[in-house]
Amino acid sequence: MPKRWYDTEATLSLAVSMLKNATPDMQDSVCELLNIKFKELDIQKSEKFIVFKVFDKRWYDEKENLYNALETIRNCTKATQRKLAVCIIDHLCAINE
């Protein structure tokens with residue numbers, strides 16, 4: 001059984017992996033795109049970023065916009081997670097072209 005929430009679905013796992021390996025500017029661009037998608041899909045954003053965390057276990061816990069975007073996706077339905085994952089992958093591929 002996968003330990004990470006995003007490893008339960010291959011497309012989502014790929015999207016998060018690509019996002020993790022992207023440059024900070026590319027990550028910011030994806031977060032901006034996701035904010036637009038959240039509004040379009042009427043998804044309530046998760047904005048519970050805690051500035052002074054004692055234990056940062058996940059790679060995206062250190063950057064507020066990444067944390068909020070990925071926590072929002074984590075709380076979505078599986079179908080919406082896949083849809084957003086495809087948006088992330090398409091966006092990162094377009095930036096790299």
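In this tour, a residue is called buried when its relative accessible area is under 20%, exposed when over 50%, and partly exposed in between, with a 1.4 Å probe and protein chains only. The structure on display is a predicted model, in which local features need pLDDT of at least 70 and side-chain atom pairs count only at pLDDT 80 or more, while totals for chains, interfaces and linings use all residues. Residues are numbered from 1 along each chain as its sequence is written, and side-chain values use heavy atoms, with hydrogens and water left out.

**The whole chain**

Begin with the protein chain in a cartoon view. Its secondary structure consists of 4 helices and 0 strands, where helices (H or I, at least four residues) and strands (E, at least two) are DSSP runs numbered from the N terminus. Followed from the N terminus, the order of elements is α-α-α-α. Of the 97 residues in the protein chain, 37% are buried.

Now switch to a surface view. The accessible surface comes to about 6,400 Å², and carbon and sulfur atoms hold 53% of it; the areas come from the Shrake-Rupley method with a 1.4 Å probe, and for residues only the protein chains shown count as cover. Contacts (heavy atoms within 4.5 Å) may be displayed next. Among those in the protein chain with a separation of 6 or more, 65% join residues 24 or more positions apart.

**Aromatic pairs**

The whole structure holds 2 aromatic pairs. Rings of Phe, Tyr and Trp (its six-membered ring) pair if their centres lie within 6.5 Å; planes under 30 degrees apart count as stacked, over 60 as edge-to-face and the rest as tilted.

Select Trp-5 and Tyr-6: their ring centres are 5.3 Å apart and their planes stand at 85 degrees, so this pair is edge-to-face. Trp-5 is buried at 17% relative accessibility, and Tyr-6 is buried at 7%.

Select Trp-59 and Tyr-60 next. Here the ring centres lie 5.4 Å apart with the planes at 85 degrees, so the pair is edge-to-face. Trp-59 is partly exposed, at 23% relative accessible area, whereas Tyr-60 is buried at 1%.

**Salt bridges**

Side chains of opposite charge can pair when their charged atoms come close. A search of the whole structure finds 6 salt bridges, each a side-chain nitrogen of Lys or Arg within 4 Å of a carboxyl oxygen of Asp or Glu.

Select Asp-28 and Lys-63, whose side chains form a salt bridge at 2.8 Å, N to O. This pair links distant parts of the chain, 35 residues apart: Asp-28 is in helix H2 (residues 24-40), and Lys-63 is in the loop between H2 and helix H3 (64-74). Asp-28 is partly exposed at 25%, and Lys-63 is partly exposed at 25%.

Move to Asp-61 and Arg-58, which meet in a salt bridge of 2.9 Å, N to O. Asp-61 is buried at 5% relative accessibility, while Arg-58 is partly exposed at 31%.

Then select Glu-71 and Arg-74, joined by a salt bridge of 2.7 Å, N to O. Both lie in helix H3, 3 residues apart, about one turn of the helix. Glu-71 is buried at 5%; Arg-74 is partly exposed at 35%.

Finally, show Arg-58, Asp-61, Glu-71 and Arg-74 together: a network of salt bridges links them.

**Cysteines**

The last stop is Cys-87 and Cys-93. Cys-87 is buried, at 17%, and Cys-93 is partly exposed, at 38%. How many disulfides does a search of the whole structure find? The search finds 0, a disulfide being a pair of cysteine sulfur atoms within 2.5 Å.
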